[in-house]
Amino acid sequence: MSIYRDMAAGAVAGAAGTTVLNAITYLDMAVRARPASSLPEQAAGAVSERLHVGLGEEEDARNREQGLGPMLGILTGVGVGLAYGLFRHAVRRRVSLPAAATGVGMAAAVAGSAPMTALGLTDPREWGVGGWMSDLVPHLGYGLATVAAFELTRSRRRR
């Protein structure tokens, strides 16, 4: 099988996983009546400052941050899926679904949180149990959806 097909399948699987992560997050917000996190927008603003890329005047900058923040999440989700596709291309043997889903979910959690931690926007040591659950449950859903979508795509290509 082609490495490019596995990369593409991984990216598509990552997009499916991102959809599941967002659905779980929005369901949590609806059930617990909690507000959306402002961290993605803050990250977009911080990155634009570090890169010396202006986002416009105050209102325009806020609006662009609100668009760019979620895009960073989508890019992370697709990127982690693409990385899983590369991993599965390299590892030809069957991987246990629970182990792969947990690994991919944790990789996505780290890929999403590490830059925000490095930018000084959050400190996971201060999250508490509720904060960790709000972060881990959607990422585990992401991992499960991403691995399942990739493996389904891969099994279809063998036929």
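This is a predicted model: local features need pLDDT of at least 70, side-chain atom pairs count only at pLDDT 80 or more; totals for chains, interfaces and linings use all residues.

Trainee: Which residues gather in a patch of negative charge on the surface?

Mentor: Residues are numbered from 1 along each chain as its sequence is written, and side-chain values use heavy atoms, with hydrogens and water left out. A patch is made of residues with over 30% relative accessible area and no salt bridge, like charges being joined within 9 Å; areas come from the Shrake-Rupley method with a 1.4 Å probe. Asp and Glu count as negative, and the place of a charge is CG of Asp or CD of Glu. Here the patch gathers Glu57, Glu58, Glu59 and Asp60.

Trainee: How many salt bridges are counted?

Mentor: Side chains of opposite charge can pair when their charged atoms come close. The criterion is a side-chain nitrogen of Lys or Arg within 4 Å of a carboxyl oxygen of Asp or Glu; the count is 5. One of them joins Arg88 to Glu151, with the closest N and O atoms 2.6 Å apart. This pair links distant parts of the chain, Arg88 in helix H3 and Glu151 in helix H5, 63 residues apart. Arg88 is buried at 2% relative accessible area, and Glu151 is buried at 18%.

Trainee: How many aromatic pairs are there?

Mentor: Rings of Phe, Tyr and Trp (its six-membered ring) pair if their centres lie within 6.5 Å; planes under 30 degrees apart are stacked, over 60 edge-to-face, and the rest tilted. The count is 3 aromatic pairs. Tyr84 and Phe150 have ring centres 5.4 Å apart and planes at 85°, so this pair is edge-to-face. Since Tyr84 lies in helix H3 and Phe150 in helix H5 (residues 128–158), the pair ties together parts 66 residues apart in sequence. Phe150 is buried, at 0% relative accessibility.

Trainee: Which residues form one aromatic cluster?

Mentor: The cluster consists of Tyr84, Phe87 and Phe150.

Methods: Patches are made of residues with over 30% relative accessible area and no salt bridge: like charges are joined within 9 Å, nonpolar side chains (Val, Leu, Ile, Met, Phe, Trp, Tyr) within 5 Å. Helices (H or I, at least four residues) and strands (E, at least two) are DSSP runs, numbered from the N terminus. Buried means under 20% relative accessible area, exposed over 50%, partly exposed in between (1.4 Å probe, protein chains only).
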